[in-house]
Amino acid sequence: MQDILSQYETVTEAHVKEWFNVGEVSDFPENSGACIKYKTKQIAVYNFSRTSKWYATQNLCPHKMEMVLSLGMIGDKDDIPKVACPMHKKNFSLEDGSNLAGEDLKIATYPVKIEDGNVYIGFAD
Amino acid sequence: MKKVIVIGNGMVGYKFCEKFVAQENSKDFKITIFGEEPRPAYDRVHLSEFFDNQDAKALEMAPRAWYEEQGVELITNERITDIHRSSKKITTAKDVNYKYDYLVLATGSVPFVPNIKGIEKKGVFVYRTIEDLEDMLAYAEAIQKGKTETVKAAVLGGGLLGLEAAKAVMDMGLEPNVVEFAPKLMPRQLDKRSSKVLQEKIESIGINVHLSKATNKILGEDTITGMEFGEYDKIDVEMLVISAGIRPRDELGKSCDLEMGTRGGIVVNNKMQTSDPEVYAIGEVALYNNMIYGLVAPGYDMAEVAVNQILGNNDVLMPADIDMSTKLKLIGVDVASYGEPFMPVEKGYSIVYENKTKNLYKRINVSHDGKELLGGILVGDASDYNMLHQIYLNGLPIPEDAEELIVGARGEGEGGFGSVMDIPDAAQVCSCESVTKGDICSSITEGGCNNLGDVIAKTKATTGCGGCKPMVVDLVNESLKSLGKEVKETICEHFDFNRQELYDLIKINKVKDYQETLDLFGEGHGCETCKPLIASIFASITMETPNRQVAIQDTNDRFLANIQRNGTYSVVPRIAGGEITPDKLIVIGQVAKKYDLYTKVTGGQRIDLFGAELHQLPLIWKELIDAGFESGHAYGKSLRTVKSCVGSTWCRYGMHESVTFAIDIENRYRGLRSPHKLKGGVSGCIRECAEARGKDFGLIAVDGGWNLYVCGNGGATPKHAVLFAEQLDDETVVKYLDRFLMFYIRTAGPLVRTAPWLDKLDGGIEYLKQVVIEDSLGIAEELELEMQGLVNKYECEWKQAIESPEMMKRFKHFVNSDDTDDNLVFVPMRDQKMPKAWN
């Protein structure tokens, strides 16, 4: 179990080794999340079309270890973009992956860039 | 950098780490914590919850990642065998040495196993760790295999843990028998009468109690078959769980010559230091004031003291008196005891209230002059515990007539308590996290917190056992009021309106979708509160299905299925009134078999198919729809089912055709979105087999028509529906229902079912009758027209979805791959399957 969680580590833009093309912008629903696969990882990608901002995190909710975050509703709390896990409504910041209720749960975040209508996610492996 | 080694990764050892790293000046220290069990520290207090979910992860105090982030080195599966105090080293079972500057012993305790003949036999267990539980589960399953009658098991010990163990044994499907040496249950906390009340209550739910029994021997060859108390006194049991108290795990202290208590335990002073000032002991291994404290709260306090002492805050000491008050829910029964539960006459007087018809017992002990509360006991209803406990702890004044504390004041007004605001600021409200009343109130008055959520995030109050929650809620509300802050019920930070206001705004302004609503009346991006709420409003105004605005639907509505544990979905086709043809039953069976789904009959007289993967949903529904099924809306805040009994068609008592009418009504309101789920029932006579009075609306056939009941529900707060009108014909029933439901949909708050909506409705049921029956607001026709409009626009959303390639795109796990989620694992259960529990 620990293995599933341990393969997710936050990647910052400076440490990206590969920008992985995950599809066209139109493949991703607006103001919503969707899931992509990279090697053995499941990554949730969030499209905030109101502000044209994109975020990516692990799809695994660390609370009950379920692959569900891309199914959660997105939005903001005190201007911090967030996702609410559909299982038990744990809220995570999409900026730094922290739990917004201050619990000891954290998710890994990944950089996203849009070029020529394609969506790329940055990985370090 | 100085090294702190903690031996024992239990609740108290973990708490030590948590409190340590939270301190400012902890940076110069490195903590290493050793655990003998394979997993990180977990919540032993709630061990019996393991049976409900088999989810060891949920019990964890913190995930492994937490230790890493905090720079705490966690080494599990490693027992410490030696302490070398002269060289300040410890040795592990793998013969590795670690040096320390400070050593903290948090080794806890082991179950006390009395020396009874035959105690080593197979089938005898102790109740302490998750591993113990797993062994018990496996054994219980083995001894039940192939047997039709219930297998008996015993629990030795009728204290707190023993009763918890009895619950666990019952959850395994065994018949529990509690065997206690003392003449009463929970001998340390309860007096004889309260113990009797508790006993009667737990016997009524199937737990047998045997008191005043000294076990002579365990019967059986290699495997337990029974227990013998006296020559002719024995019981047959096939399993025994021992829960007869604890003994400190103090062998390390003994072997390195620390001062020990005569009956075990490592002696500590009020700094939690042992006889070696660089070695500390906390929790159940520590002997303080010549006592071992087997409760979590004193253990946490000891952790706090040790942390402060090591970090040089020398004035934080353990108090001489330790509060042993406890409140818990045992097998569904509230039990609490605080202060001095027993009262010798020379110290004070007792006031006792007992009502066996309600399994209630309350006792308070007061000083001779009746001015001071010294302690007490509550069984059956402990809702007053927090307030009584605070009065006791802080010596608050009590009413002149002390009995008001338990029976309430005579006549008008409130009970015997003052306001929660009368408690002194220093009073500890949350004992698990040591949060005082002052901490809570000042987080609002000075700390910028604006609601309960903020206060919990800031103070951590209620995050332990949760018992203090009602009091925290009161304190938060009172503090907000004292600042003149109106507690307005706006739906969330994105909209400054309540649900009814938004409903009207969207309707009057003909708003087209959620994004426009946000542009016109809100701010930000929205959240998981306002999105589904506004989705429901749109559905109630225009009957749009969740297929139109997918992104604002709750996950269930987004995929038109109920998301279950492990991220699979369940499928429930509509079976109106519970009536189904054999052919359709066969189709459900065939579909379930083809997709390997777990099937179960629901409480709403239909069939739920569990374990479908996301990409299978459209395939399953295609087959169901082809066979004439439609969505059952089991995933929505919408009409679920109208339950029926067979009525006059078959039943010799039936007055009217309840099935036919139930089907008509269910089909009329199918797909109707509402503030919360809606359920109905139709019974063919007053025997009420359809349980119609437990529904949001219910009909019962009587001579001359139907009696209509409204605003009932089952669930967490069951409520009988109230008689609304009598002897109605079919048409009038539908007319009233249209008006009633539409009025509810228009005016109820988010996620408020009909019963609490009626509770809050000014004028109550009489007002509702005026609006619906007498049309006092002049809106009856409008309500009927609106409802008819919604009924006419009904469309099966699953049919809609599978016919549109665009809508189908969402039923795919990955955007960039056709792979499916490979993390789904199932295990067999009673010839079907269930999700594998993570551990």
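Where in chain B is B:N77 found? Keep that question in mind as you turn the model, which is a predicted one. B:N77 sits in the loop that runs between strand 3 (73-75) and strand 4 (80-84) of chain B.

The backbone here deserves a look. Most residues other than glycine have a negative phi. B:N77 is a residue other than glycine, yet its phi is positive, near 60 degrees. As for its surroundings, B:N77 counts as exposed because it has 12 C-beta neighbours inside 10 Å, and the cut-off for exposed is 12 or fewer.

Further along the chain you can find another such spot. B:D596 lies in the loop between helix 19 (582-594) and strand 30 (598-601) of chain B. Its phi is positive too, at about 55 degrees, although B:D596 is not a glycine. With 12 C-beta neighbours inside 10 Å, B:D596 therefore counts as exposed.

Now let us move to the place where the two chains meet. Chain B brings 32 residues to the contact, and chain A brings 38 residues. On the side of chain B that touches chain A, the elements giving two or more residues are helix 3 (56-59) and helix 4 (64-69) of chain B. Of these, helix 4 of chain B provides the largest share, three residues.

Definitions and conventions
Residues numbered from 1 in each chain as written. Chains lettered and ligands numbered in written order. Predicted model: local features only at pLDDT ≥ 70, side-chain atom pairs only at ≥ 80, totals over all residues. Contact = placed C-beta atoms within 7 Å. Helix = DSSP H or I, 4+ residues; strand = E, 2+ residues; numbered from the N terminus. Buried ≥ 20, exposed ≤ 12 C-beta atoms within 10 Å, placed from the backbone.
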